[in-house]
Amino acid sequence: MEAIAFNTPGDPDVLEVHELPDPEPGPGEVLIRVQAAAVSPTDTMRRAGLRDSKNPGPYVVGMDAAGVVEAIAEDTDTYLKLGDKVMAIVLPNGSHGAYADRIVVPADSVVRIPENASLIEASTLPMNGLTARLALDTLDLPKGATLAVTGAAGTLGGYIIQLAKNDGLTVIADAAENDEELVKSRGADVVLPRGEDYANKILEQFPDGVDGIVDGAVQVDEIVPAAKDGATIITIRGANGERERGVTLKDIWVVNYDQEHDKLDTLRQQVEDGILTLKVEDVLPKEQAPEAHRRMEAGGVRGRLVLEFGVIPETSF
């Protein structure tokens, strides 16, 4: 099979087409013929060498895939059937990653795609959707509580806003001027200018601070003043520890939800119900992975860039 991989970490041009052995599903696993793999900031970090892998290369990145079930190992407990259109969260390690023609993943990491979504669109949901769900589950705020979000215009931020509103929370979100309408369309109750003054702007409207924060923009200590005494701030880049007034930074890792099948399937249902919206910024052929990484690192992407690994004919199975 072909995969987009690198041998040595570096700039986007280290990503090249590699010929790798076809994977075979083991007990409890499903083989997916991939049509689409979404590109995320985590992919660019791993390619740049900021995330270690336990196994030797060539290294294949990518945490989101959508395609068609091509094989299911014997004695695997799953409702999936050959030919089903599915999406999966992938935990990359060594030559195992979503940027490949075929991937093998645990059956619990795979669900059917939403009925109202294409494979391209569905590939944008698993990793960021589960991360958003994990962030809100970790905060465990009651209905009516206030939640502030940074990085609200991004894919993760959008899912957090929509899931939080569905959970009954009041959401305060940041946005650049040209992103205000996008963030408002996701359901944020209050939209404030993004940047270093965001915490002060929150306090102008909520003098006691907010009940919880999800820091998708990695503002870390800049956002602490906006939290109530003893509140928790969810971080996504490893920041932890107690700050002033008992405010706590707590990092989350989506690996903890990678086989939470019911949660992924709930996200699928929420797309079908109109609670979550999927946004694709652009679709590029797999050979243009370096360009996708350059665009991701340049910033300003509002939706997911998706790599296409060839359209799968309906008659393949």
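What follows is a set of questions and answers on helix packing, strand pairing, salt bridges and a few single residues.

User: Before we start, what kind of model is this, and how are residues numbered?

Analyst: Local features need pLDDT of at least 70, side-chain atom pairs count only at pLDDT 80 or more, and totals for chains, interfaces and linings use all residues, as this is a predicted model. Side-chain values use heavy atoms, with hydrogens and water left out, and residues are numbered from 1 along each chain as its sequence is written.

User: Which residues of helix H8 are buried, and what do they pack against?

Analyst: Helices here are DSSP runs of H or I with at least four residues, strands are E runs of at least two, and both are numbered from the N terminus. Buried means under 20% relative accessible area, exposed means over 50%, and partly exposed is in between (1.4 Å probe, protein chains only). In H8 (residues 289–298), the buried ones are Ala289, Pro290, Ala292, His293 and Met296. Going by contacts (heavy atoms within 4.5 Å), they pack against strand E1 (2–6), strand E3 (29–39), helix H1 (41–47), strand E16 (280–285) and strand E17 (304–308).

User: Just after H8, which residue takes a positive phi?

Analyst: H8 spans residues 289–298. The residue with a positive phi, about 85 degrees, comes just after H8, and that's Gly299.

User: Where in the chain do Glu70 and Arg102 lie?

Analyst: Their side chains meet in a salt bridge, 2.6 Å from N to O. The pair ties together parts 32 residues apart in sequence, because Glu70 lies in strand E5 (residues 64–72) and Arg102 in strand E7 (residues 102–106).

User: How many salt bridges does the structure hold, and which residues are linked in a network of them?

Analyst: The structure holds 19 salt bridges. The linked residues are Arg133, Asp137, Asp167 and Lys263.

User: Which strands does E3 pair with?

Analyst: Two strands pair if DSSP finds at least two bridges between them. E3 has nine of its 11 residues buried. Leu31 stands opposite Val104 in E7, Arg33 has Val68 in E5 as its bridge partner, and Ala36 has Glu308 in E17. The pairings are antiparallel, with five bridges to E7, eight to E5 and four to E17.

User: Is Thr150 buried or exposed, and which backbone nitrogen lies 2.9 Å from its side chain?

Analyst: Thr150 is in strand E9 (residues 146–150), and at 0% relative accessibility it counts as buried. Not counting residues up to four places away in sequence, it touches several residues, including Asp174, Tyr198 and Ile223. A polar atom of its side chain lies 2.9 Å from the backbone nitrogen of Gly216.

User: How are the rings of Phe6 and Tyr59 arranged?

Analyst: Rings of Phe, Tyr and Trp (its six-membered ring) pair if their centres lie within 6.5 Å; planes under 30 degrees apart count as stacked, over 60 as edge-to-face and the rest as tilted. The structure holds one aromatic pair. The centres of the Phe6 and Tyr59 rings are 5.4 Å apart and their planes are at 35 degrees, so the pair is tilted.

Definitions and conventions:
A salt bridge is a side-chain nitrogen of Lys or Arg within 4 Å of a carboxyl oxygen of Asp or Glu. A polar contact is a pair of N or O atoms within 3.5 Å; within protein, one must be able to donate a hydrogen and the other to accept it, and residues adjacent in sequence count only if both atoms are side-chain atoms.
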